[in-house]
Amino acid sequence: MHSPSFAAGQLRKTFLAVLTFTGFTSSACAFEAGIVAGPAVDGDVSKVGIVLGWDHPGEPLWQGKKWHLGLRHEASVSQWLVKQHKDVVEVGYSPVLRLYRNAPPEQGRFFAEASIGLRLLSRTQVTADKNVSSAFQFSDMLGMGYQWGRDAQHTVGLRYQHISNAGIKKPNPGMDFGVLYYQHRF
């Protein structure tokens, strides 16, 4: 069995590899840093974490008369706070599709978002009676939010997130979270 410091080291290496692979380390990339927090639907677990996000460079994926679709990337590290059990660390990457109304960010704008991403967990035994079977998980997310300020400097949003291993290994109970987040663009 590996020590906690070994698992934390592996998670850090994985996080840095994701950042490098997705181009986050590019100097031309403006990024956002933010915090996430929210409870699991079943009430035994909550999560807090940090998110680093950046928009895909270039034109929107789709441009309409009133709306446009953008792609962004997010790398995250969260800690699941588990009642009466050991906490779980979650490291992940998600490409996020955001549908924006065509309005200057300075005026404020609402958006809808969706994503399917990848997650790596430090433990599979979440609570005494909940085992997610594999450290490798998928993260499906639907959300909505609001941006405002110069160059969309501030973003606040609400997400519904489902994390499961998609049946790779049984049992596959999954975890559902309601997450509130704030991001600040630098």
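Trainee: How should I read the numbers here?
Mentor: This is a predicted model, where local features need pLDDT of at least 70, side-chain atom pairs count only at pLDDT 80 or more, and totals for chains, interfaces and linings use all residues. Residues are numbered from 1 along each chain as its sequence is written, and side-chain values use heavy atoms, with hydrogens and water left out.

Trainee: What pLDDT does the chain average?
Mentor: The average is 88, and 84% of the residues score at least 70. pLDDT is the predictor's confidence in each residue, from 0 to 100. A contact means heavy atoms within 4.5 Å.

Trainee: How many helices and strands are there in the chain?
Mentor: The chain has one helix and 11 strands. They are DSSP runs, numbered from the N terminus: helices are H or I with at least four residues, strands are E with at least two.

Trainee: Which strands does β10 pair with?
Mentor: β10 (residues 154-164) runs antiparallel to β9, with 11 bridges joining them. β10 is also antiparallel to β11, through 10 bridges. Two strands pair if DSSP finds at least two bridges between them. In the β9-β10 hairpin, five residues sit between the strands, and G149 in the turn has a positive phi of about 95 degrees.

Trainee: New topic: which residues have the most contacts inside the largest nonpolar core?
Mentor: They are V45, W80, V82, V126, M175 and F177, in a core of 17 residues. β11 gives the most to this core, with four residues. A nonpolar core is a set of buried Ala, Val, Leu, Ile, Met, Phe, Trp, Tyr and Cys residues joined through side-chain atoms within 4.5 Å. Buried means under 20% relative accessible area, exposed over 50%, and partly exposed in between, using a 1.4 Å probe and protein chains only.

Trainee: And what is V82 in contact with?
Mentor: Leaving aside neighbours within four places in sequence, V82 contacts D44, V45, D87, V88, V126 and T127.

Trainee: How many salt bridges are there?
Mentor: The count comes to 12. A salt bridge is a side-chain nitrogen of Lys or Arg within 4 Å of a carboxyl oxygen of Asp or Glu. One of them joins E32 and R185, with their closest N and O atoms 2.7 Å apart. E32 is in strand β1 and R185 in strand β11, 153 residues apart. Both E32 and R185 are buried.

Trainee: What about R159?
Mentor: R159 forms a salt bridge with E113, at 2.8 Å between the closest N and O atoms. R159 lies in β10 and E113 in β6, so the pair ties together parts 46 residues apart in sequence. Salt bridges that share partners join E32, D55, R72, E74, R98, E113, R159 and R185 into one network.

Trainee: Is R109 buried or exposed?
Mentor: R109 is buried yet has no salt bridge; the nearest side chain of opposite charge, D55, is 6.3 Å away. Lys and Arg count as positive and Asp and Glu as negative, while His and the chain ends are not counted.

Trainee: Last one: why does A135 count as partly exposed?
Mentor: Because its relative accessibility is 28%. A135 lies in the loop between β8 and β9.
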